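This report describes a predicted model.

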Amino acid sequence: MRRFLFVLGFILLAPMAVYAGNPENGKKLFMKKCKSCHRLTEGTKVGPSLLGVTQRRSDEWLDEWLKDPKGMIEAGDPIAVELLKKYKKRMPKLKIMRDKKNRDDVISFLKKHNAN
């Protein structure tokens, strides 16, 4: 029984360990750099709503998008290209998102927000 509970716990928590960023720091980064263009509720501002984004996009995709949105568009990523067509604006490449920890923190915040 203990082994079963250990394995179950590992299976349930392992995906969170991959992006175990700091959601509190992610919230601060979001409020500072993202909220002027994105909502955390339904509806759009300059860019799309981020409500449910962690269910629509993989962590890997979100990480790459935060790191280099222009590069993803230029590489022909179909989601990135569609976002540009729909919103007619490119998401800026933010210096602060060069840091993997910051990207992990923002993704962690979005996951926590979307889970609530």
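## Nonpolar core

The largest nonpolar core comprises 21 residues, and those with the most contacts inside it are Phe30, Leu40, Leu50, Trp61, Trp65, Val106 and Leu110. Two or more residues of this core come from each of α2 (23-33), α4 (59-67), α5 (69-74), α6 (78-87) and α7 (100-115).

Leaving aside residues up to four places away in sequence, Trp65 touches Met72, Ile73, Ala80, Leu83 and Met91.

## Packing of α2 against α7

The axes of α2 and α7 come within 7 Å and cross at roughly 95°; the two helices are therefore roughly perpendicular to each other. Classed by residue type, the contact of α2 with α7 has five nonpolar, four polar and five charged residues. On the α2 side, the residues in contact include Leu29 and Phe30, and on the α7 side they include Val106 and Phe109.

## Salt bridges

Nine salt bridges are found in the whole structure. Asp63, Lys100, Arg103 and Asp104 are linked in a network of such bridges. Lys100 lies in α7 and Asp63 in α4, so the pair ties together parts that are 37 residues apart in sequence. Asp63 also meets Arg103 in a salt bridge, at 2.9 Å from N to O; this pair likewise links α4 to α7, 40 residues apart. Asp63 and Arg103 are buried, whereas Lys100 counts as partly exposed because its relative accessibility is 36%.

A further salt bridge joins Glu64 and Lys67, with 3.4 Å between the closest N and O atoms. Both residues lie in α4, three residues apart, about one turn of the helix. Glu64 is partly exposed at 30% relative accessible area, and Lys67 is partly exposed at 33%.

How values were computed
Residues are numbered from 1 along each chain as its sequence is written. This is a predicted model: local features need pLDDT of at least 70, side-chain atom pairs count only at pLDDT 80 or more; totals for chains, interfaces and linings use all residues. Side-chain values use heavy atoms; hydrogens and water are left out. A nonpolar core is a set of buried Ala, Val, Leu, Ile, Met, Phe, Trp, Tyr and Cys residues joined through side-chain atoms within 4.5 Å. Buried means under 20% relative accessible area, exposed over 50%, partly exposed in between (1.4 Å probe, protein chains only). Helices (H or I, at least four residues) and strands (E, at least two) are DSSP runs, numbered from the N terminus. Contact means heavy atoms within 4.5 Å. Axes are lines fitted to C-alpha atoms, for helices over the stretch in contact, and angles run from 0 to 180 degrees between N-to-C directions. Angles under 35 degrees count as roughly parallel, over 145 as roughly antiparallel, 65 to 115 as roughly perpendicular and the rest as oblique. Ala, Val, Leu, Ile, Met, Phe, Trp, Tyr, Cys and Pro count as nonpolar, Asp, Glu, Lys and Arg as charged, and the others, Gly among them, as polar. A salt bridge is a side-chain nitrogen of Lys or Arg within 4 Å of a carboxyl oxygen of Asp or Glu.
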